[in-house]
Amino acid sequence: QVQLVESGGGLVQTGGSLTLSCAASGSGFSSRTMAWYRQAPGKQRDVVASITPSGVTNYADSVKGRFAISRDNAKNTVSLQMNSLKPEDTALYYCNSRRGIVEYWGQGTQVTVSS
């Protein structure tokens with residue numbers, strides 16, 4: 001029904017920037033809350049940022065002021081602009097789509113921040 005494909009991950013130095021993108025297929029994109037999660041090895045998966053159908057955003061305290069989530073309903077994409085990256089941002093980043101009780105996940109894209 002819904003497929004999510006992340007891209008844009010890579011290796012960057014501390015203080016650098018990176019933009020992640022998530023391309024969604026399937027119907028109803030504009031009605032779904034989109035979010036980015038991340039999971040480091042041995043850690044739980046935590047939400048990084050989310051954006052509602054109306055454009056309301058929310059961020060984890062650890063990334064406020066550094067990351068920005070946006071969506072383009074015409075293109076069925078959601079992006080995460082990451083600035084001032086820190087080694088602790090290193091993780092596998094997942095795109096998430098939710099409407100009601102139904103959730104979909106992408107395969108993840110790796111972000112590694114070197115010191």
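Val5 sits in strand β1, which covers residues 3-7. Strands here are DSSP runs of E with at least two residues, numbered from the N terminus. The model is a predicted one, in which local features need pLDDT of at least 70 and side-chain atom pairs count only at pLDDT 80 or more, while totals for chains, interfaces and linings use all residues. Residues are numbered from 1 along each chain as its sequence is written, and side-chain values use heavy atoms, with hydrogens and water left out.

Val5 has a relative accessibility of 46% and therefore counts as partly exposed; that class lies between buried, under 20% relative accessible area, and exposed, over 50%, with a 1.4 Å probe and protein chains only. Apart from neighbours within four places in sequence, Val5 is in contact with Ser21, Cys22, Ala23 and Gln107, where contact means heavy atoms within 4.5 Å. Val5 also lies 5.4 Å from Gly106, C-alpha to C-alpha, although 101 residues separate the two in sequence.

Two other strands pair with β11, pairing being counted if DSSP finds at least two bridges between two strands. Strand β2 (residues 10-13) pairs with β11 in the parallel sense over four bridges, and Gln13 has Ser114 as its bridge partner in β11. Strand β9 (residues 91-99) pairs with β11 in the antiparallel sense over three bridges, and here Ala91 has Val111 as its bridge partner.

Thr109 is a β11 residue and, with a relative accessible area of 10%, is buried. The side chain of Thr109 reaches the backbone nitrogen of Gly9 at 3.2 Å. This is a polar contact, that is, a pair of N or O atoms within 3.5 Å; within protein, one atom must be able to donate a hydrogen and the other to accept it, and residues adjacent in sequence count only if both atoms are side-chain atoms. Not counting residues up to four places away in sequence, Thr109 touches Glu6, Ser7, Gly8, Gly9, Leu20, Ala91, Leu92 and Tyr93.

Val113, also in β11, is buried at 6% relative accessibility. Among the residues that Val113 touches beyond four places in sequence are Val12, Gln13, Leu85, Pro87 and Asp89. Glu103 is 10 residues from Val113 in sequence, yet their C-alpha atoms are 28 Å apart.

Asp89 belongs to the loop between β8 (77-82) and β9. Asp89 counts as buried, at 0% relative accessibility. Leaving aside neighbours within four places in sequence, Asp89 is in contact with Arg38, Arg66, Phe67, Ser84, Val111 and Val113.

β7 runs antiparallel to β8, and six bridges join them; Ser70 stands opposite Ser79 in β8. The two strands form a hairpin with four residues between them, and Asn76 in the turn has a positive phi of about 55°.

Pockets and cavities come last. On a 1 Å grid over the protein atoms alone, a cavity is a set of points where a 1.4 Å probe fits but cannot get out, and a pocket is an open set with protein on both sides within 12 Å along at least five of seven lines; lining residues have an atom within 4 Å of a point. Grid points are joined across faces, edges and corners, and a volume is the space filled by probe spheres set on the points.

The largest pocket holds about 180 Å³ of space. It is lined by 13 residues, of which Arg38, Gln44, Asp46, Ser62 and Glu88 are the closest to its centre. β4 (33-39) and β5 (46-51) each supply at least two lining residues, and β5 gives the largest share, three. The lining divides into five nonpolar, four polar and four charged residues; Ala, Val, Leu, Ile, Met, Phe, Trp, Tyr, Cys and Pro count as nonpolar, Asp, Glu, Lys and Arg as charged, and the others, Gly among them, as polar.

The structure holds one cavity of 30 Å³ or more. The residues that line the largest cavity include Val2, Leu4, Phe29, Arg32, Met34 and Ser97.
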